Amino acid sequence: MNDTAKAPENAQNQHILTEQTTTVPLSENADNEKEVLLSVRGLKKSFGDHEVLKGIDLDVKKGEVIAVIGPSGCGKSTLLRCLNCMEDPTAGSIIFDGVDIADMKVDINLHRRKMGMVFQSFNLFNNKKVLDNITLAPVYLRKKDLRQAKRKNFFTKIANIFRKSPKELIPVTATPKQIKEEETLKARNLLKRIGLQDKADVYPSTLSGGQKQRIAIIRALAMNPKLILFDEPTSALDPEMVGEVLSVMTDLAKDGMTMVVVTHEMGFAREVATRVVFMDDGVIAEENAPEEFFSHPENARLKDFLSKVL
(Lines give C-alpha, C1' and ligand atoms only; values in the text may rest on other atoms or scores of the structure.)
Protein backbone atom coordinates (compact mmCIF):
# COMPACT_ATOMS: atom_id res chain seq x y z
CA MET A 1 0.00 0.00 0.00
CA ASN A 2 1.10 3.50 -0.75
CA ASP A 3 3.22 5.00 2.08
CA THR A 4 1.47 8.30 1.70
CA ALA A 5 -1.98 7.02 2.58
CA LYS A 6 -3.74 8.80 5.43
CA ALA A 7 -6.94 7.85 7.24
CA PRO A 8 -10.09 10.01 7.38
CA GLU A 9 -10.23 12.37 10.29
CA ASN A 10 -13.28 11.34 12.29
CA ALA A 11 -14.20 11.31 15.94
CA GLN A 12 -13.33 7.64 16.28
CA ASN A 13 -9.82 8.10 14.89
CA GLN A 14 -9.17 11.11 17.08
CA HIS A 15 -9.86 8.97 20.16
CA ILE A 16 -7.83 6.07 18.86
CA LEU A 17 -4.74 7.89 17.62
CA THR A 18 -3.03 8.42 20.93
CA GLU A 19 0.58 7.71 19.92
CA GLN A 20 3.29 9.67 21.70
CA THR A 21 4.64 12.48 19.52
CA THR A 22 7.21 15.23 19.82
CA THR A 23 5.31 18.50 20.02
CA VAL A 24 6.75 21.88 19.18
CA PRO A 25 5.84 24.94 21.29
CA LEU A 26 4.20 27.91 19.62
CA SER A 27 6.22 31.03 19.08
CA GLU A 28 5.40 34.32 20.79
CA ASN A 29 3.29 35.32 17.82
CA ALA A 30 0.71 32.59 18.41
CA ASP A 31 -1.85 33.87 15.94
CA ASN A 32 0.64 33.81 13.08
CA GLU A 33 1.99 30.40 14.12
CA LYS A 34 -1.47 28.84 14.02
CA GLU A 35 -1.74 29.72 10.35
CA VAL A 36 1.38 27.73 9.47
CA LEU A 37 0.62 24.10 8.61
CA LEU A 38 4.10 23.10 7.45
CA SER A 39 7.36 24.73 8.51
CA VAL A 40 10.72 23.59 7.15
CA ARG A 41 13.96 24.79 8.74
CA GLY A 42 17.53 24.02 7.70
CA LEU A 43 16.51 21.01 5.62
CA LYS A 44 19.42 19.18 4.06
CA LYS A 45 19.59 15.93 2.12
CA SER A 46 22.68 14.13 0.88
CA PHE A 47 23.09 10.95 -1.10
CA GLY A 48 26.57 9.82 -0.18
CA ASP A 49 28.90 12.73 -0.90
CA HIS A 50 26.35 14.46 -3.12
CA GLU A 51 24.44 17.17 -1.27
CA VAL A 52 21.09 17.67 -3.05
CA LEU A 53 19.38 19.99 -0.56
CA LYS A 54 21.68 22.55 1.07
CA GLY A 55 19.51 24.19 3.70
CA ILE A 56 15.85 24.81 2.85
CA ASP A 57 13.64 27.16 4.88
CA LEU A 58 9.97 27.21 3.87
CA ASP A 59 6.63 27.93 5.51
CA VAL A 60 3.32 26.73 4.08
CA LYS A 61 0.19 28.28 5.54
CA LYS A 62 -3.23 26.69 5.55
CA GLY A 63 -4.99 27.21 2.24
CA GLU A 64 -1.84 28.18 0.34
CA VAL A 65 -0.86 26.75 -3.02
CA ILE A 66 2.92 26.74 -3.32
CA ALA A 67 4.30 26.15 -6.82
CA VAL A 68 7.92 24.94 -6.83
CA ILE A 69 9.75 25.47 -10.11
CA GLY A 70 13.35 25.21 -11.26
CA PRO A 71 15.72 23.43 -13.65
CA SER A 72 16.00 19.65 -13.70
CA GLY A 73 18.28 18.31 -10.98
CA CYS A 74 17.89 21.31 -8.67
CA GLY A 75 16.31 19.23 -5.87
CA LYS A 76 12.57 19.92 -6.35
CA SER A 77 11.38 16.31 -6.21
CA THR A 78 13.83 15.48 -3.42
CA LEU A 79 12.39 18.34 -1.39
CA LEU A 80 8.88 17.02 -1.90
CA ARG A 81 9.86 13.48 -0.92
CA CYS A 82 11.56 14.81 2.20
CA LEU A 83 8.44 16.73 3.25
CA ASN A 84 6.63 13.48 4.06
CA CYS A 85 9.87 11.64 4.91
CA MET A 86 9.79 9.28 1.96
CA GLU A 87 13.42 10.35 1.94
CA ASP A 88 14.89 10.77 5.41
CA PRO A 89 16.40 14.26 5.77
CA THR A 90 20.09 14.45 6.54
CA ALA A 91 19.55 17.48 8.77
CA GLY A 92 16.89 20.02 9.67
CA SER A 93 13.32 19.96 10.94
CA ILE A 94 9.94 19.51 9.26
CA ILE A 95 7.16 20.77 11.51
CA PHE A 96 3.83 19.47 10.21
CA ASP A 97 0.67 20.25 12.14
CA GLY A 98 2.76 21.08 15.22
CA VAL A 99 4.94 17.94 15.16
CA ASP A 100 8.53 17.52 13.95
CA ILE A 101 8.02 14.58 11.61
CA ALA A 102 11.77 14.47 10.89
CA ASP A 103 12.26 13.29 14.49
CA MET A 104 13.08 9.58 14.36
CA LYS A 105 10.95 8.99 17.49
CA VAL A 106 7.79 10.09 15.68
CA ASP A 107 5.51 7.53 14.02
CA ILE A 108 5.70 8.96 10.51
CA ASN A 109 2.97 6.67 9.16
CA LEU A 110 0.52 8.26 11.58
CA HIS A 111 1.23 11.73 10.19
CA ARG A 112 1.31 10.62 6.56
CA ARG A 113 -2.41 9.99 6.95
CA LYS A 114 -2.87 13.76 6.87
CA MET A 115 -0.46 14.43 4.01
CA GLY A 116 -1.43 13.13 0.57
CA MET A 117 0.97 12.70 -2.32
CA VAL A 118 0.34 12.51 -6.07
CA PHE A 119 3.16 11.11 -8.19
CA GLN A 120 4.23 11.62 -11.80
CA SER A 121 3.41 8.03 -12.78
CA PHE A 122 0.02 7.66 -11.03
CA ASN A 123 1.04 4.59 -8.94
CA LEU A 124 -2.39 2.98 -9.20
CA PHE A 125 -2.78 -0.74 -8.49
CA ASN A 126 -3.41 -2.25 -11.94
CA ASN A 127 -4.84 -5.47 -10.46
CA LYS A 128 -7.58 -3.59 -8.60
CA LYS A 129 -10.57 -1.72 -9.95
CA VAL A 130 -10.76 2.07 -9.68
CA LEU A 131 -13.13 1.98 -6.71
CA ASP A 132 -10.85 -0.42 -4.83
CA ASN A 133 -7.83 1.81 -5.55
CA ILE A 134 -9.61 4.70 -3.86
CA THR A 135 -11.04 2.83 -0.86
CA LEU A 136 -8.14 0.49 -0.10
CA ALA A 137 -6.17 2.76 2.24
CA PRO A 138 -9.02 4.41 4.19
CA VAL A 139 -10.84 1.10 4.71
CA TYR A 140 -7.66 -0.65 5.82
CA LEU A 141 -6.68 2.09 8.26
CA ARG A 142 -10.15 2.57 9.73
CA LYS A 143 -10.51 -1.18 10.29
CA LYS A 144 -7.06 -1.24 11.88
CA ASP A 145 -8.09 1.59 14.21
CA LEU A 146 -11.29 -0.29 15.04
CA ARG A 147 -9.35 -3.40 16.02
CA GLN A 148 -7.02 -1.33 18.19
CA ALA A 149 -9.97 0.36 19.88
CA LYS A 150 -11.65 -2.95 20.68
CA ARG A 151 -8.39 -4.35 22.04
CA LYS A 152 -7.82 -1.31 24.26
CA ASN A 153 -11.42 -1.41 25.46
CA PHE A 154 -11.05 -5.08 26.40
CA PHE A 155 -8.07 -4.40 28.66
CA THR A 156 -9.63 -1.19 30.01
CA LYS A 157 -12.74 -3.12 31.08
CA ILE A 158 -10.58 -5.60 32.97
CA ALA A 159 -8.53 -2.84 34.62
CA ASN A 160 -11.71 -0.93 35.54
CA ILE A 161 -12.76 -3.79 37.81
CA PHE A 162 -9.91 -2.81 40.13
CA ARG A 163 -10.16 0.98 39.74
CA LYS A 164 -12.06 3.30 42.05
CA SER A 165 -12.58 5.68 39.14
CA PRO A 166 -13.06 3.61 35.95
CA LYS A 167 -11.60 4.97 32.73
CA GLU A 168 -13.91 5.72 29.81
CA LEU A 169 -13.93 3.35 26.89
CA ILE A 170 -13.03 4.45 23.37
CA PRO A 171 -16.27 5.05 21.45
CA VAL A 172 -16.78 2.45 18.74
CA THR A 173 -19.33 3.87 16.32
CA ALA A 174 -18.96 1.72 13.20
CA THR A 175 -18.68 -1.92 12.21
CA PRO A 176 -16.27 -3.18 9.53
CA LYS A 177 -19.20 -3.48 7.14
CA GLN A 178 -20.30 0.11 7.82
CA ILE A 179 -16.74 1.35 7.29
CA LYS A 180 -16.61 -0.33 3.89
CA GLU A 181 -20.01 1.13 2.92
CA GLU A 182 -19.09 4.64 4.08
CA GLU A 183 -15.79 4.71 2.21
CA THR A 184 -17.37 3.27 -0.92
CA LEU A 185 -20.03 5.99 -0.91
CA LYS A 186 -17.36 8.65 -0.38
CA ALA A 187 -15.29 7.25 -3.26
CA ARG A 188 -18.27 7.26 -5.61
CA ASN A 189 -19.04 10.86 -4.69
CA LEU A 190 -15.43 11.84 -5.39
CA LEU A 191 -15.56 10.09 -8.77
CA LYS A 192 -18.75 11.98 -9.57
CA ARG A 193 -17.02 15.22 -8.63
CA ILE A 194 -14.45 14.73 -11.41
CA GLY A 195 -16.90 13.25 -13.90
CA LEU A 196 -15.56 9.69 -13.76
CA GLN A 197 -18.40 7.98 -11.89
CA ASP A 198 -18.80 5.54 -14.78
CA LYS A 199 -15.20 4.32 -14.28
CA ALA A 200 -15.68 2.97 -10.74
CA ASP A 201 -15.69 -0.70 -11.76
CA VAL A 202 -13.04 -0.70 -14.47
CA TYR A 203 -9.31 -1.42 -14.19
CA PRO A 204 -6.72 1.38 -14.51
CA SER A 205 -5.30 -0.19 -17.68
CA THR A 206 -8.44 0.89 -19.53
CA LEU A 207 -8.03 4.56 -18.61
CA SER A 208 -6.19 7.41 -20.31
CA GLY A 209 -3.24 9.06 -18.60
CA GLY A 210 -5.34 12.07 -17.63
CA GLN A 211 -8.03 9.85 -16.13
CA LYS A 212 -5.45 7.87 -14.16
CA GLN A 213 -3.98 11.04 -12.71
CA ARG A 214 -7.40 12.37 -11.73
CA ILE A 215 -8.08 9.05 -9.99
CA ALA A 216 -4.74 9.39 -8.19
CA ILE A 217 -5.74 12.85 -6.98
CA ILE A 218 -9.08 11.75 -5.54
CA ARG A 219 -7.39 8.70 -4.02
CA ALA A 220 -5.36 11.21 -2.01
CA LEU A 221 -8.52 13.20 -1.25
CA ALA A 222 -10.27 10.10 0.09
CA MET A 223 -7.97 10.29 3.11
CA ASN A 224 -9.21 13.79 4.06
CA PRO A 225 -5.68 15.23 4.04
CA LYS A 226 -4.68 18.61 5.42
CA LEU A 227 -1.97 18.94 2.75
CA ILE A 228 -1.40 17.38 -0.67
CA LEU A 229 2.02 17.19 -2.33
CA PHE A 230 2.13 17.01 -6.14
CA ASP A 231 5.32 15.80 -7.83
CA GLU A 232 5.10 17.08 -11.43
CA PRO A 233 1.59 15.59 -11.83
CA THR A 234 1.32 16.45 -15.54
CA SER A 235 4.81 15.56 -16.74
CA ALA A 236 3.83 12.03 -17.85
CA LEU A 237 0.71 13.18 -19.73
CA ASP A 238 0.09 13.95 -23.37
CA PRO A 239 -0.43 17.69 -23.91
CA GLU A 240 -4.19 17.37 -24.49
CA MET A 241 -4.62 15.61 -21.12
CA VAL A 242 -2.79 18.21 -19.06
CA GLY A 243 -5.76 20.58 -18.93
CA GLU A 244 -8.16 18.12 -17.32
CA VAL A 245 -5.73 17.38 -14.49
CA LEU A 246 -4.90 21.05 -13.90
CA SER A 247 -8.65 21.75 -13.81
CA VAL A 248 -9.09 19.35 -10.89
CA MET A 249 -6.14 20.93 -9.08
CA THR A 250 -7.54 24.41 -9.69
CA ASP A 251 -10.86 23.35 -8.17
CA LEU A 252 -9.03 22.00 -5.12
CA ALA A 253 -7.26 25.33 -4.73
CA LYS A 254 -10.59 27.17 -4.88
CA ASP A 255 -11.92 24.86 -2.17
CA GLY A 256 -9.05 25.87 0.11
CA MET A 257 -6.90 22.74 -0.08
CA THR A 258 -3.30 23.37 0.98
CA MET A 259 -0.95 22.18 -1.75
CA VAL A 260 2.75 22.11 -2.59
CA VAL A 261 3.15 21.52 -6.32
CA VAL A 262 6.41 20.77 -8.14
CA THR A 263 5.55 21.75 -11.70
CA HIS A 264 6.75 22.88 -15.09
CA GLU A 265 3.34 24.41 -15.87
CA MET A 266 4.08 28.13 -15.67
CA GLY A 267 0.47 29.03 -16.44
CA PHE A 268 -0.73 27.08 -13.42
CA ALA A 269 1.95 28.67 -11.23
CA ARG A 270 1.00 32.15 -12.39
CA GLU A 271 -2.78 31.79 -12.22
CA VAL A 272 -3.43 29.38 -9.32
CA ALA A 273 -0.48 29.51 -6.93
CA THR A 274 -0.50 31.91 -4.01
CA ARG A 275 3.30 31.80 -3.92
CA VAL A 276 5.97 30.62 -6.35
CA VAL A 277 9.30 29.19 -5.21
CA PHE A 278 12.32 28.96 -7.49
CA MET A 279 14.94 26.34 -6.60
CA ASP A 280 18.45 26.21 -7.99
CA ASP A 281 21.37 24.02 -6.94
CA GLY A 282 19.67 22.73 -3.79
CA VAL A 283 18.54 26.05 -2.34
CA ILE A 284 15.56 28.38 -2.65
CA ALA A 285 16.94 31.19 -4.79
CA GLU A 286 13.78 33.31 -4.83
CA GLU A 287 10.13 33.18 -3.75
CA ASN A 288 7.32 35.66 -4.17
CA ALA A 289 3.68 36.13 -5.08
CA PRO A 290 3.08 35.10 -8.73
CA GLU A 291 2.64 38.63 -10.12
CA GLU A 292 5.90 39.89 -8.68
CA PHE A 293 7.69 36.62 -9.28
CA PHE A 294 7.04 36.55 -13.01
CA SER A 295 6.94 40.29 -13.70
CA HIS A 296 9.88 41.48 -11.61
CA PRO A 297 12.29 38.60 -10.89
CA GLU A 298 15.39 39.65 -8.95
CA ASN A 299 17.62 36.58 -9.04
CA ALA A 300 19.82 36.41 -12.15
CA ARG A 301 19.44 32.64 -12.44
CA LEU A 302 15.65 32.99 -12.24
CA LYS A 303 15.66 35.64 -14.97
CA ASP A 304 17.61 33.30 -17.21
CA PHE A 305 15.29 30.37 -16.39
CA LEU A 306 12.12 32.36 -17.12
CA SER A 307 13.52 33.63 -20.40
CA LYS A 308 13.74 30.03 -21.58
CA VAL A 309 10.39 28.69 -20.35
CA LEU A 310 8.04 31.61 -20.93
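This report describes selected strands, helices and residue contacts of one predicted model.

## Basis of the description

The model is predicted, so local features are given only at pLDDT of at least 70 and side-chain atom pairs only at pLDDT 80 or more, while totals for chains, interfaces and linings use all residues. Residues are numbered from 1 along each chain as its sequence is written, and side-chain values use heavy atoms, with hydrogens and water left out.

Strand β4 (residues 91-96) is joined to β5 by 2 bridges in antiparallel fashion, and Ile95 has Asp100 as its bridge partner in β5. Contact here means heavy atoms within 4.5 Å, and the angle, on a scale from 0 to 180 degrees, is taken between N-to-C directions of axes fitted to C-alpha atoms, for helices over the stretch in contact.

Helix α3 (residues 76-83) is largely enclosed by the rest of the structure, because 6 of its 8 residues are buried; helices are DSSP runs of H or I with at least four residues. Buried denotes under 20% relative accessible area, exposed over 50%, and partly exposed the range in between, with a 1.4 Å probe and protein chains only. The buried residues of α3 are Lys76, Thr78, Leu79, Leu80, Cys82 and Leu83. Just after the helix, Cys85 adopts a positive phi of about 60 degrees.

Pro89 lies in the loop between α3 and β4. Apart from neighbours within four places in sequence, Pro89 contacts Leu43, Lys44, Lys45, Cys82, Ile94 and Ala102. The C-alpha atoms of Pro89 and Leu53 are 9.0 Å apart, although the two residues are separated by 36 residues along the chain.

## Strand β9 and its partners

Strand β9 (residues 275-280) is mostly covered, with 5 of its 6 residues buried. Strand β3 (residues 65-69) runs parallel to β9 and is joined to it by 4 bridges, with Val276 of β9 as the bridge partner of Ala67. Strand β10 (residues 283-288) runs antiparallel to β9, the two being joined by 5 bridges, and here Met279 has Ile284 in β10 as its bridge partner. β9 and β10 form a hairpin with 2 residues between them, and Asp281 in the turn has a positive phi of about 55 degrees.

Gly209 is part of helix α7 (residues 209-221) and counts as buried because its relative accessibility is 18%. Not counting residues up to four places away in sequence, Gly209 touches Phe122, Leu237 and Met241. Gly209 and Met241 are 32 residues apart in sequence, with a C-alpha to C-alpha distance of 7.2 Å.

Arg214 also belongs to helix α7, and at 11% relative accessibility Arg214 counts as buried. With neighbours within four places in sequence left aside, Arg214 is in contact with Ile194, Leu196, Glu244, Val245 and Val248.

Note on methods
Pairing = 2+ DSSP bridges.
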